[in-house]
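Below is the structure, and after it come my entries.

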Amino acid sequence: MVAVDIIFAPIVFSALVYFFTRGAEQFAKYIALGWFIVLFIIALSWYHQLPEDGWLFLGNYLSVPQFGFELTLQIDALSVAMLLLTAALLILVVFTSWNEKKQGAYFSLLIMFSGPIFGVFMTTNVLWFFMFWELTLVPMLFLVGIWGEENRIYAAIKFFLYTHVFAMFMFVGFYLLYKQTGYWDLTLIKETALVTPALIWWLMFIGFAAKLPVFPFHTWLPDAHVQAPSSISVLLAGVLLKMGAYGLIRFTVELMPITTMHFAPWMLGFGLATTFFAGFLAIYERHIKKMVAYSSISHMGLVVVAISTMTYDGLSAALYEMIGHALVISPLFLIAGWLHHKTHTWYMDEMGGIMKKAPYASAIFILAGMAALGLPGTMGFVGELTIIISAVKAYGWWIAVIALAGLISAGYIIWSVRRAIHGPMSPVVEKADFSMSLPEKFALAVYAFLIVYFGVNPQPIFDLANQAFSWLGGM
Amino acid sequence: MSFIILIAAGLLVPVFYRNNIIIAKLIAISAFILSMFFIYQGQSLVGLFPGFAVDSATKLMEYVLLVTLAAVTFSLTGFERPLIAQMLFLAGASIAFLESANFFLFIVLFEVIAIISYILVANIRNFYNAEGAIKAFIAGAVASGVILLGFALYSFTTTSFAYIDMNVHGKFTLIAVAIMLAGIFYKLTVVPMHGWAADAYSQVNHAAAGILSGVIKSVVLFATFKAFYKFLITYPFATVLIFAFFAIITMTLANFMALWQKRISKILAYSSIAHSGYALIPFAAATSIYSYSGILYYAIAYIFMQTSVFLILNDLRRELGVKYLEDLKGLYKKAPIHSLFFTIQLFSLAGIPLLAGFLAKAVAFYAGVDVGLWWVVLIALLNSALAVAYYVWIIKHIYMDEPNNFETISISTGSLIGQLILLAGTIYFGIIGADVFNATLP
């Protein structure tokens with residue numbers, strides 16, 4: 001019973017939280033924090049219950065046999081990795097938005113968001129997957145549109161429309177899947193041969209690519225990430241983009257391996273284009289949060305490259321980089337947003353000398369930045385190294401050019417550190433008051449700890465990856 | 001029995017509503033409940049009059065219709081009291097229309113519903129324009145003429161009017177059915193026969209517009225599908241082309257028109273026209289086994305959400321004078337409960353999941369994919385994604401802008417009950433699809 005409750009309860013629960021905390025809004029965040037911790041514990045317990053390989057079955061609900069439409073909840077190691085990541089990020093988001101305005105509504109929307117996002121990773125029924133996928137947009141629309149920066153409404157509506165429109169392509173792909181196989185359930189579809197997989201593959205790829213985002217479909221992301229409040233940028237980058245990568249692994253690699261093999265060069269091309277295009281844009285950017293957003297896109301490009309190899313190594317590297325990207329980009333977004341909040345400027349060349357006034361935040365910014373460019377001892381290093389190795393194994397030596405991506409990241413990260421963190425102190429920074437609340441400090445410390453911990457000890461994540469992708473012939 | 005009860009209640013209600021609207025409402029609601037009971041017993045019209053037939057899908061549609069009309073009854077104020085009697089007559093006529101099993105009854109009851117709808121739009125005159133009512137009347141009269149012409153031609157080709165005996169290969173059948181459908185398209189507001197609807201829906205009393213665009217359109221949609229089903233599956237090639245063409249131009253044009261509007265009621269009117277376009281896809285895909293489920297699901301979802309948005313708009317118009325999008329700014333501060341209902345129903349219209357609007361589209365469009373019309377479905381889905389632009393634009397005004405003034409209103413108990421009933425319907429059919437499928441598929 002727990003499984004279906006943790007999807008639907010928050011949606012109902014969020015309205016109650018909103019109405020019951022109207023007089024005392026500060027309680028909303030404690031309720032949210034408690035709920036997210038419960039989610040984390042449940043996800044952890046599922047992690048321990050996982051069978052060696054295959055699915056952990058959690059239940060079947062709301063069955064419509066005539067239409068094959070049924071809320072089938074089952075999870076494997078890949079879903080559990082995503083669930084743990086989601087729950088952990090939600091907990092940290094509560095800390096980083098400790099002093100947000102209109103807390104009642106804000107935290108009720110976060111609670112509401114936790115339902116469908118868990119649903120996305122838990123269900124194997126394609127139609128329900130799509131329903132949860134779309135439903136995550138609704139709380140995000142309000143979170144970006146109400147709590148964001150100056151251009152928030154434009155960004156929120158663009159984000160909503162863009163991802164909604166591209167999801168429709170995916171939906172037609174799902175329809176065709178059902179038409180040809182007669183099943184909505186992933187595990188059953190997998191056992192059936194498809195007649196026209198190319199069309200289905202492209203329709204689904206476009207849907208996931210827009211979410212990921214892959215190069216020509218990425219334009220919603222810089223707007224949404226920049227205008228969203230920093231904590232919501234964390235969720236967008238850490239969880240929503242991962243839905244795209246998760247979908248890509250689940251629906252292309254697992255569901256139609258032969259077709260994916262056929263189109264892998266295209267995927268590789270898109271991945272490389274994304275990595276380099278976004279990387280160069282990040283170098284060009286003066287706007288600190290946009291720089292981080294482009295860096296985020298660039299790293300997701302690497303994930304696409306890793307997925308396109310279709311090998312055990314590649315997918316394990318992709319899973320590692322998905323988690324690594326979430327943990328590395330989040331503090332960068334948080335500090336970028338925090339700096340804007342304190343200095344009232346977005347531009348790195350107007351900052352400068354922040355190190356002297358805010359050493360704590362600066363240190364974590366540098367650490368996360370170094371992780372983004374792949375410094376050994378951090379998650380970024382392991383992620384990029386494994387991706388390069390798997391790609392070279394799959395495509396030959398020439399693919400080592402993606403090592404240049406690391407070089408490009410070094411370019412924008414080091415330059416931004418040089419411009420914003422070090423250097424002579426600018427008058428803007430001189431005037432600003434850089435006090436940081438305790439919960440924010442705590443959350444940043446947790447991120448820093450995790451980046452280094454999994455950087456030095458990547459084994460737990462690779463164990464999960466081993467469980468998730470053992471069918472590809474792992475160790 | 002249901003029919004008799006509803007008509008009797010319709011005659012009785014005007015005696016009371018001048019002095020005491022509560023009693024009138026009670027009579028109406030008990031008539032709705034009682035007739036639901038008789039429908040459940042299988043004694044609506046079938047046992048009493050010849051020429052009627054009922055299946056479980058029709059029964060489900062009738063329950064939904066009566067529940068919706070009961071919800072509307074709850075939310076009416078004294079000013080709109082004539083609607084109570086009209087709704088009772090409408091309910092009786094609609095039940096007969098839904099259960100009719102031959103074309104003669106179909107034509108007659110179509111006329112009856114048309115006449116009720118003219119009265120519905122015309123009799124409350126206050127701050128609303130008469131223009132919309134006149135347009136509805138003239139367009140309706142033209143439609144009636146066209147349908148009668150088609151029916152007259154059809155009567156040459158057949159010896160029996162029953163749906164199941166339809167002589168689909170007769171001399172004039174194609175022409176006759178085409179002309180009849182042209183007339184019905186007026187009522188379904190299919191482009192290019194939609195011109196009257198945008199004005200009629202936006203200029204008459206909004207509660208009446210809710211009934212006109214939500215209830216009557218759903219009923220006509222479902223009954224038309226039932227009546228022409230045999231024809232549709234006999235000529236799949238012709239019907240696919242015709243209906244797919246009309247579906248695409250209707251939804252595309254209506255969505256683009258809706259994007260330009262500044263009057264909130266016009267936006268909802270064009271959205272209603274766009275929804276007719278989506279609902280034509282099951283007609284194009286009649287040969288699919290999912291077409292009947294699709295049309296029933298669409299009619300059910302549409303009746304709940306469309307009626308609900310117009311009822312909320314009616315409250316807002318009356319209490320706050322909301323007319324244009326601008327007037328909605330910061331509504332969540334002025335009318336929080338109204339805003340919440342409005343937002344949820346708009347999301348349902350936009351096709352956001354866990355609400356009836358999504359599953360209805362999912363099923364209705366799947367029928368299209370099932371017969372190979374995936375490109376039509378792709379256009380329809382992109383259209384419905386485009387439509388999100390204006391629905392979200394309304395929501396943006398409600399939640400993301402600051403209000404111009406600070407009058408606050410609270411929702412009346414009647415409205416609250418009515419909206420809760422409609423919302424329950426929207427959410428129930430958004431999560432649980434089993435009822436619709438059990439009613440239509442073995």
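**Entry 1: a cut-off to start with.** I need one rule before I look at anything. A residue counts as buried if 20 or more other C-beta atoms lie within 10 Å of its own, as exposed if 12 or fewer do, and as partly exposed in between. I also note that this is a predicted model.

**Entry 2: Lys102(A).** Is it buried or exposed? I found 12 other C-beta atoms within 10 Å, so Lys102(A) is exposed. I placed Lys102(A) in the loop between helix 3 (77–96) and helix 4 (103–122) of chain A. Its phi is near 45°, a positive value, and the residue is not a glycine. I wrote a reminder beside that: most residues other than glycine have a negative phi.

**Entry 3: His344(A).** I looked up another positive phi. His344(A) has one of about 60°, although it is not a glycine. Where does His344(A) lie? I found it in the loop between helix 14 (312–343) and helix 15 (354–357) of chain A. His344(A) has 11 C-beta neighbours inside 10 Å, so it counts as exposed.

**Entry 4: cis peptide bonds.** I turned to omega next. Most peptide bonds are trans. The bond that joins Leu212(A) and Pro213(A) is cis, with omega about -5°. Pro213(A) sits in the loop between helix 9 (197–211) and helix 10 (220–227) of chain A. Pro192(B) is in a loop of chain B, between helix 7 (173–187) and helix 8 (195–203).

**Entry 5: confidence.** Chain A averages a pLDDT of 89, and 99% of its residues score at least 70. Which element of chain A has the lowest mean? Helix 19 (residues 427–431) of chain A does, at 84, while helix 5 (residues 126–135) of chain A has the highest, 93. Chain B also averages 89, with 98% of its residues at 70 or above. There, helix 8 of chain B has the lowest mean (86) and helix 3 (residues 56–75) of chain B the highest (94). For the complex, the predictor gives an ipTM of 0.92 and a pTM of 0.94.

**Entry 6: chain A as a whole.** I counted elements. Chain A has 21 helices and 2 strands. The C-alpha trace spans about 65 × 60 × 40 Å along its principal axes. Why do I call chain A compact? A compact globule of 475 residues would have a radius of gyration near 23 Å, and chain A has 21 Å, so the two agree. Buried residues make up 61% of the chain. I looked at contacts in chain A between residues at least 6 apart in sequence, and 80% of them join residues at least 24 apart.

**Entry 7: a bent helix.** I followed helix 1 (residues 2–20) of chain A. It bends by about 35° at Ala9(A), and Pro10(A) follows within four residues. Pro10(A) is one of the buried residues of this helix, and others include Ile6(A), Ile7(A) and Tyr18(A). What covers them? The cover includes helix 2 (27–49), strand 1, strand 2 (69–75) and helix 4 of chain A.

**Entry 8: where the chains meet.** The contact takes 26 residues from chain A and 27 residues from chain B. On the chain A side, strand 1 (56–64), helix 5, helix 6 (137–147) and helix 7 (152–181) each give two or more residues. Helix 7 of chain A gives the largest share, 12 residues. I sorted the chain A side by type and got 21 nonpolar, 3 polar and 2 charged.

**Entry 9: the core.** The largest nonpolar core has 382 residues. Ile281(B), Ile300(B) and Val377(B) have the most contacts inside it. Helix 7 of chain A gives this core its largest share, 19 residues. I picked Ile300(B) and listed its contacts beyond four places in sequence: Met61(B), Val64(B), Ala356(B), Phe429(B) and Val436(B).

**Entry 10: Ala389(B).** My last stop was in helix 17 (residues 374–400) of chain B, where Ala389(B) lies. It has 17 other C-beta atoms within 10 Å, so Ala389(B) is partly exposed. Leaving aside neighbours within four places in sequence, Ala389(B) is in contact with Leu161(A) and Leu259(B).

Notes:
Residues are numbered from 1 along each chain as its sequence is written. Chains are lettered from A and ligands numbered from 1 in the order in which they are written. This is a predicted model: local features need pLDDT of at least 70, side-chain atom pairs count only at pLDDT 80 or more; totals for chains, interfaces and linings use all residues. pLDDT is the predictor's confidence in each residue, from 0 to 100. Two residues are in contact if their C-beta atoms, placed from the backbone, lie within 7 Å. Ala, Val, Leu, Ile, Met, Phe, Trp, Tyr, Cys and Pro count as nonpolar, Asp, Glu, Lys and Arg as charged, and the others, Gly among them, as polar. A nonpolar core is a set of buried Ala, Val, Leu, Ile, Met, Phe, Trp, Tyr and Cys residues joined through C-beta atoms within 7 Å. The bend at a residue is the angle between axes fitted to the seven residues ending there and the seven starting there. The radius of gyration is taken over C-alpha atoms; the globule rule is 2.2 Å times the number of residues to the power 0.38.
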